[in-house]
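Please have a look at the sequence and the coordinates first.

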Amino acid sequence: MIETGKKNEKGLLVAVGLKSEPDEKLKEMMNELAFLTQTLSIDVLGEFTQKLEYPDPRTFVGKGKLEDIKAACRVDKIDVVVFDDDLSPSQLRNLERELKVKIYDRSLLILDIFLKRAKTAQAKTQVELARFRYLLPRLTRMWTHLERQKGGTATRGGAGEKEIETDRRIIRDQITLLRKKLEKIEKQSNTRRKSRKGIVRVALVGYTNAGKSTLMNLLGKDKVYAKDELFATVDSTVRKVVLNHLPFLLSDTVGFIRKLPHDLIESFKSTLAEIKEADILLHVIDASNPSHEDHIKIVDETLSEMGASDISTIRVFNKMDNVNESPVQNRNGLSTYISAKKGTGIEELRALLTKEVKKIHMKIYPHYIRPEVY
Ligand SMILES: Nc1nc2c(ncn2[C@@H]2O[C@H](COP(=O)(O)OP(=O)(O)OP(=O)(O)O)[C@@H](O)[C@H]2O)c(=O)[nH]1
Ligand SMILES: [Mg+2]
């Protein structure tokens, strides 16, 4: 679906920080953007940052900075320039015209990573739908991206008004088709979820790359894909786990990230239902990441937007093998410190989880309590 040529594309990164923000923050944002970009097999050859009151409405960065980027594009024979924020359709057009290379904004970058990762029919349909919704108002460049998808040669900037109108129609039809397809799949997964009623459900949530899948592998028996990549998991996976004779369902979910494209959240509603309908959330945190406090905030905010903030949550501070000092204790709730990689702290987590699962068993499913279980 995506070009998988052997040679990586060459890219530049561009981020604009607010004047009020500290330099470190911009640096951390850049690191994350580089990580995301590498996930798409794009080699990062340079980074450009600028501090502004607000991004330039025409070209996102100022005129001088744009000239610098243009020069770097020429010197390094750059294929892609990646912007850390979302660009308006007109900014996108202007930048493409000025720089004459492929432009990725944050949404498209994340959408393409999801597209690469999605495995199940449901996840694939969700991502395709989100991607078409994103592309519809950005049709001039969609031409090139559509060509790319079809594996043909890109006709850069060559689409005339008539062709664009035809494309627009094709995209609209596709959106209608994909929506119908998704509805059908969702009905099936709703039925599947309903059939799981009567058993406690635990969902792993957290910022991308926090270690959710690694922890899932530790707690469950079958292996799921865990890797040092952002969004290694895009499809929800559910496993039955038994802890101290207590059975429950554990689901691994797609990671959150700052500025997650809105179209994606819309399209992933059904997958995220695994979270909303859970009895307990294990919020996995990469304690070794300097931005982990921000990550916690972003996850908490996303959960609250989803209507999942009332669910009993255990904060699992992971990657403690890479941390010198203990993070500040979470005074308002349950928290525990582990290294999913080394397996340390897992017994405490298991004990905490068993206690919580037991509570839910007794509260919601009293008919399920069997004396031998306790
Ligand atoms: N040092 C260290 N690395 C860890 C630990 N737990 C996980 N990792 C590594 O962190 C990376 C991400 O782990 P995953 O389990 O894939 O993370 P995830 O939260 O599922 O990520 P996404 O699915 O991409 O959102 C992998 O390279 C893991 O090996 C840990 O306790 N310590
Ligand atoms: Mg994962």
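Two strands count as paired if DSSP finds at least two bridges between them. The strands themselves (E, at least two residues) and the helices (H or I, at least four) are DSSP runs, numbered from the N terminus. This is a predicted model, in which local features need pLDDT of at least 70 and side-chain atom pairs count only at pLDDT 80 or more, while totals for chains, interfaces and linings use all residues. Residues are numbered from 1 along each chain as its sequence is written, and chains are lettered from A and ligands numbered from 1 in the order in which they are written.

**The mixed sheet**

With that pairing rule in hand, β6 and strand β7 (residues 246–252) pair in the antiparallel sense over 7 bridges. L243 has L246 of β7 as its bridge partner. The hairpin of these strands, β6 and β7, has 2 residues between them, and there N244 takes a positive phi near 45°. K240 also has its bridge partner in β7, namely L249. L249 is the bridge partner of R201 as well, and β5 and β7 pair in the parallel sense over 4 bridges.

These strands belong to an open sheet of 6 strands, ordered β6-β7-β5-β8-β9-β10, with mixed pairing. β6 (237–243) and β10 (334–337) each have a single partner strand, so one side of each is left without a neighbour in the sheet. On average, neighbouring strands here are turned by 25° against each other, direction ignored.

Strand β1 (residues 9–18) and strand β3 (residues 80–83) run parallel and are joined by 4 bridges; V14 stands opposite F83 in β3.

**Helices on the sheets**

Axes are lines fitted to C-alpha atoms, for helices over the stretch in contact, and angles run from 0 to 180 degrees between N-to-C directions.

| Helix | Strands touched | Angle between directions |
|---|---|---|
| α11 (residues 292–305) | β5 (201–206) and β8 (280–286) | about 155° with β8 |

**A covered helix and the core**

A residue is buried if 20 or more other C-beta atoms lie within 10 Å of its own, exposed if 12 or fewer, and partly exposed in between, with C-beta atoms placed from the backbone. By this count, 10 of the 12 residues of α4 are buried, among them R106, D112 and R117. Their cover includes α1, β3, β4, α5 and α9 (262–267).

A nonpolar core is a set of buried Ala, Val, Leu, Ile, Met, Phe, Trp, Tyr and Cys residues joined through C-beta atoms within 7 Å. Which members of the largest one touch the most other members? Of its 83 residues, they are V14, V81, V82 and V316. Helix α5 (residues 121–135) gives this core its largest share, 7 residues. Not counting residues up to four places away in sequence, V81 touches G11, L12, V14, I69, C73, L99, V101 and I103.

Definitions and conventions: Contact = placed C-beta atoms within 7 Å.
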